[in-house]
Amino acid sequence: MPSHHALPRITRHAFRRSLLAVALLTATAAFAADERAAAPATATIDPAHWPQPAWPLPADAALERKIDALMATMTLEEKVGQTVQGDIDSITPDDLRKYRLGSILAGGGSDPGNQYNAAPKAWLDLADAFWEESMDTSRGGKAIPVIWGIDAVHGQSNIVGATLFPHNIGLGATRNPDLIREIGRITAVETRTTGMEWTFAPTVAVPQDDRWGRTYEGYSENAGVVALLAPAMVEGLQGKAGATDFLDDHHVMTTVKHFLGDGGTTNGKDQGNTEVSEAMLRDVHAAGYVPSIAAGAQSVMASYNSFHGEKMHGHKGLLTGVLKERMNFGGFIVGDWNGHGQVKGCTNTDCAQTYNAGLDMPMAPDSWKGLYESTLAHVKSGAIPMARLDDAVRRILRTKFRMGLFEKPRPSQRALGGKFDLLGAPAHRAVARQAVRESLVLLKNQGGLLPLSPNAKILLAGDGADNLTKQTGGWTLTWQGDGTKRADFPNADSISDGFRQQVTAAGGKVELAANGKYATKPDVAVVVFGEDPYAEFQGDLPNLMFKAGKSGDLELIKKLKADGIPVVAVFLSGRPLWMNRELNAADAFVAAWLPGSEGAGIADVLLRGKDGKVQHDFHGKLSYSWPKRADQNDNNFGQKNYDPLFPFGFGLTYTDKGGFTALSEDPGIDPDAARTNLWFDNGVATTGSTLRLVGADGKAMDIVHPHATTTDGSLAMTAINTNIQEGARQFAFKGDGVVEVRSNTPVDLVRETNGDVFVVATVRVDALPAGATAAIGSGCGTGCKGEVPIGNALATLPKGEWTRLGVQLKCLRVAGADTGKLDMPFFLRGSNGLQLALSKVVASTDFDHKVDCPIR
């Protein structure tokens, strides 16, 4: 425990008050955190050391007889089909007549008609179509209802008009399991209206490094908070195990994810390696699974990460030995998006190892057909024992029978099918608004500026003040949560909407100006700003600096302060970040996380009522420790030398004195030293990279001048102008040649590869004669190179115009490049007659055209 002197002095009593809650929440841990950390970090797993939660559903002889009778009639092909899950972007309803798959999913970015804002009815119609084909026996086969899984992770967040709750990091700040249970119930109801029976939620990760891009998916860095809230969400979504409404048409089955250690990877690397002790894995990272299993969670999702180098999708000791046998888990284990393909010796279309390790349903979104065929062959050969297949099928069918799906009509004819008035229903939105109020954490309130009078003249500034895309975050209509517009949120209030409604009703005035340029000088300004939406690894950070210190929000706050205007900062984020400068500049600072559709809940707390009284006090307490420096990545309560700016459990109320002396504005790092994965820009290699030309004779030359020609004359480079002088380089091939961009130190792009990132080159085609060839690739030393032909792609591009051409890193990995150690992240190979200009090369998901390439 740090000295209280690590905190602003006037907040000590609030810190003391939070310690009692902390102690209660952590009392279930078998060891103190420092004792766990001191345990040897080895790959050894002994299931006898793990907890044994009681599975709450007693053996049901009648149910087992139904399963026995059905399985006795099923062909091997039908059994294998039940274990495979395909994505709606890569499978059609008609495919189910032949392949009889047990499940489909709609992954991030998969939507009916490829429309991210498809109408609710389009989702329901597609659910009907898949169900009908799974039940059609006109071509033979058994009528076994397909189940549809979807990431309804903060409400039914894939559907236009649905209620959107705060992301889990905000819910963790509420410490309110009853509220979380009600949120789960509402999410289930709204999910059922569009035909799905299954959500891939809740995430019960315990993030330990806030650089991880999925930090906001975890309730807390503290295992006790996760163990408190996880079973409440499970019960809300499914109903209480044993109750008459358990898994009925008003509920959905859950997926507790990601098993195991996803929040503990080294350096917070998404899909990385978790190198902790067995005690840490058990007592911290498994904390949410124990009560969730006791609550009857029907499925668990295997994680992408490894445990000491062994991928979880192939880890028999944990999937079978711990989860199924020791923890008495009676549901089934589903995989993550092609996660089985990362198991040693596997591909996306072939992985007997994952079944034998205990996975019951690999998620094979675009690889389902190949995986089905290889799995069928493995069972026939004995590589997958028949008993293992039967166990997987039995577990899947058991859940379907528990849900009563064999007796149910098509999704649109079930209890809630098509009742779209329930999407964003007023009662549902009221609960979401309560969640916003309870999630807000007050970090500063200098001079008691808050709560504000609704009779005042209030300026709302910052790019988050009237921005539903920003306040809802990732996993909202699109995978990354970006690209949406205001019309996509018909049942929602922005933060400015909430202020305008209340202030106008009380006789005050609100002016909205994102850039802070007001027409009438306000009494106070509320500046709303924060992180742009992201999901999965694309939110991974090299450090905890907000926007690498290049945000204009600080300047906006300072400008308003210079005008003599008090400023309230409302920060939207998926994690705590180093904000000392903004904390110093603003008079009040509120951590609002990612509040969802009900931004009006913020005004409920920040504004007094018409009568001048407090409407709602601050309730939220930090579920993650707030960093004192930008390099405090591993900054968790209970660790040795724990020294945050604001500790876990901290949060002011209106009865607290809320100011503090100025904080240090030294981030503790060089913000410009962070890796950007930008290797070539404005025609030159970036810092840490080298541009090289290789002629047909194989001789290479490093480039130090804007014009160069290889010794054999096969490749010439010339500086050309873009929007800036000499902002690009033109390469003229008079024979075979290669343009190389080399990194001075090897680059690890594994997380980018797994996250569907591209090598994006900003190019201009100046000449492409018939017969000329071209390729883009990456290299990692002798015998470690991968390239993809781009000639056909170049032929479709308009001549003489700049465009961004993307080659998926996964394609380069398949072609032979080890993306974990690239010393040449980009090269361009060309032949005689090709003339191509190049201005920029970067790892990105933002491109105009992509190169089609096969991915196994």
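Predicted model: local features only at pLDDT ≥ 70, side-chain atom pairs only at ≥ 80, totals over all residues.
**A walk through the chain and strand S15**

Visitor: What radius of gyration does the chain have, against that of a compact globule?
Guide: The chain holds 856 residues, and for that length a compact globule would come out near 29 Å. The chain agrees with this, with a radius of gyration of 28 Å.

Visitor: What share of the residues is buried?
Guide: Buried here means under 20% relative accessible area. Of the 856 residues in the chain, the share that counts as buried is 62%.

Visitor: Is strand S15 mostly covered or uncovered?
Guide: S15 spans residues 567–572. Val567, Ala569 and Phe571 point one way, Val568, Val570 and Leu572 point the other way, and all are buried. With 6 of its 6 residues buried, S15 is mostly covered.

Visitor: Why do the side chains point two ways?
Guide: In a regular strand, side chains alternate between the two faces of the sheet. In S15, Val567, Ala569 and Phe571 take one side, and the other side goes to Val568, Val570 and Leu572.

Visitor: Which residue in S15 is the bridge partner of Val526?
Guide: Strand S14, residues 524–530, runs parallel to S15, and 6 bridges join them. Within S15, the partner of Val526 is Val568.

Note on methods: Residues numbered from 1 in each chain as written. Heavy atoms only, no water. Rg over C-alpha atoms; globule rule 2.2 N^0.38 Å. Buried < 20%, exposed > 50% of the residue type's maximum accessible area, 1.4 Å probe, protein only. Helix = DSSP H or I, 4+ residues; strand = E, 2+ residues; numbered from the N terminus. Pairing = 2+ DSSP bridges.
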